Amino acid sequence: MKMKWNRRYTAYCVILILLAILAVWLWYTPGYLKELKRFEPVTEGLDDASAAMTEILEALARKDQKRLYEMMLIRDGTEYQKMFGPLVNDSDLLPLELKATGKLAHSHRSDNISFYYRSEKKGQNYQFVMLKNGMGEYKVSEIGSWRKLPEGI
């Protein structure tokens, strides 16, 4: 018995091919993208950045929202709520243990320094990205959190 090819089978094949292309696009990471995410440890020249990070941690402990707002690179209420809102309202955040200090290997900013902390109570890792503002002071640019530390830390 011969099966007749019709439009329905053609549509199924097209959908299957599109799903395969979508899967490759989502889960395949080329080597050059991994190189752009490469982390380099930084151990020298951290005095200013470490002092700024210490101020941020002290302000988090005191829940001093005004000081945290002043320590932001871009002062915006929405950005403040996105970055510091969950941290200020979380009583299980502190103490944070410093895991590593580093920067991206391929960054156009030489002052791009990241502090990687771990909260044992929450089982969460945090990255505080510090950049210099126009006056040469380190300010927090963004804060990220995830369960597993990045490679190289």
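User: Buried means under 20% relative accessible area, exposed means over 50%, and partly exposed lies in between. Where does Arg67 fall on that scale?

Analyst: Please note that this is a predicted model. In it, Arg67 has a relative accessible area of 24%, so this residue is partly exposed.

User: Which residue forms a salt bridge with Arg67?

Analyst: The partner is Glu55, and the N to O distance between the two side chains is 2.0 Å. Arg67 belongs to helix α4 (residues 65–70) and Glu55 to helix α3, so the bridge ties together parts that are twelve residues apart in sequence. Glu55 is likewise partly exposed, because its relative accessible area is 32%.

User: How many salt bridges are there in the structure?

Analyst: There are eleven. One of them pairs Arg118 with Glu120, at 3.3 Å from N to O. Glu120 has 48% relative accessibility and therefore counts as partly exposed.

User: Which residues are joined into a network by shared partners?

Analyst: Glu35, Arg38 and Glu40 are linked into one network in that way.

User: Moving inside, what does the largest nonpolar core contain?

Analyst: The core has 28 residues, and those with the most contacts inside it are Ile56, Leu60, Phe84, Phe128 and Val140. At least two core residues come from each of α3 (47–62), α5 (77–83), α6 (85–88), β3, β4 (124–132) and β5 (138–146). Helix α3 gives the most, with seven residues. As a general matter, nonpolar side chains in soluble globular proteins tend to be buried together.

User: Is Ile56 buried or exposed?

Analyst: Ile56, a residue of helix α3, counts as buried because its relative accessibility is 0%, which is under the 20% cut-off.

User: What does Ile56 touch, leaving out residues up to four places away in sequence?

Analyst: On that basis, Ile56 touches Leu68, Met71, Phe84, Phe128, Met130 and Val140. Counted likewise without residues up to four places away in sequence, Phe84 touches Ile56, Leu60, Leu68, Met72, Val140 and Ile143.

User: How far apart in space are Ile56 and Tyr9?

Analyst: They are 60 Å apart, C-alpha to C-alpha, and 47 residues apart in sequence.

User: Back to strands: where is Ser114, and which side chain does Ser114 meet in a polar contact?

Analyst: Ser114 is in strand β3, which covers residues 113–119. Its side chain makes a polar contact of 3.0 Å with the side chain of Gln127. Ser114 is buried, because its relative accessible area is 5%. Leaving out residues up to four places away in sequence, Ser114 touches Ala100, Thr101, Gly102, Gln127, Phe128 and Val129.

User: And the surface: which residues make the nonpolar patch of about 750 Å²?

Analyst: That patch is made by Ile15, Leu19, Leu22, Trp25, Leu26 and Trp27. Trp25 lies in helix α1 (residues 7–27).

How values were computed
Residues numbered from 1 in each chain as written. Predicted model: local features only at pLDDT ≥ 70, side-chain atom pairs only at ≥ 80, totals over all residues. Heavy atoms only, no water. Helix = DSSP H or I, 4+ residues; strand = E, 2+ residues; numbered from the N terminus. Buried < 20%, exposed > 50% of the residue type's maximum accessible area, 1.4 Å probe, protein only. Polar contact = N/O pair within 3.5 Å; in protein donor to acceptor, adjacent residues only side chain to side chain. Contact = heavy atoms within 4.5 Å. Patch = residues over 30% accessible without salt bridge, like charges linked within 9 Å, V, L, I, M, F, W, Y side chains within 5 Å. Areas by Shrake-Rupley, 256 points an atom, 1.4 Å probe, with all protein chains shown as cover. Salt bridge = Lys/Arg side-chain N within 4 Å of Asp/Glu carboxyl O. Core = buried A, V, L, I, M, F, W, Y, C linked by side-chain atoms within 4.5 Å.
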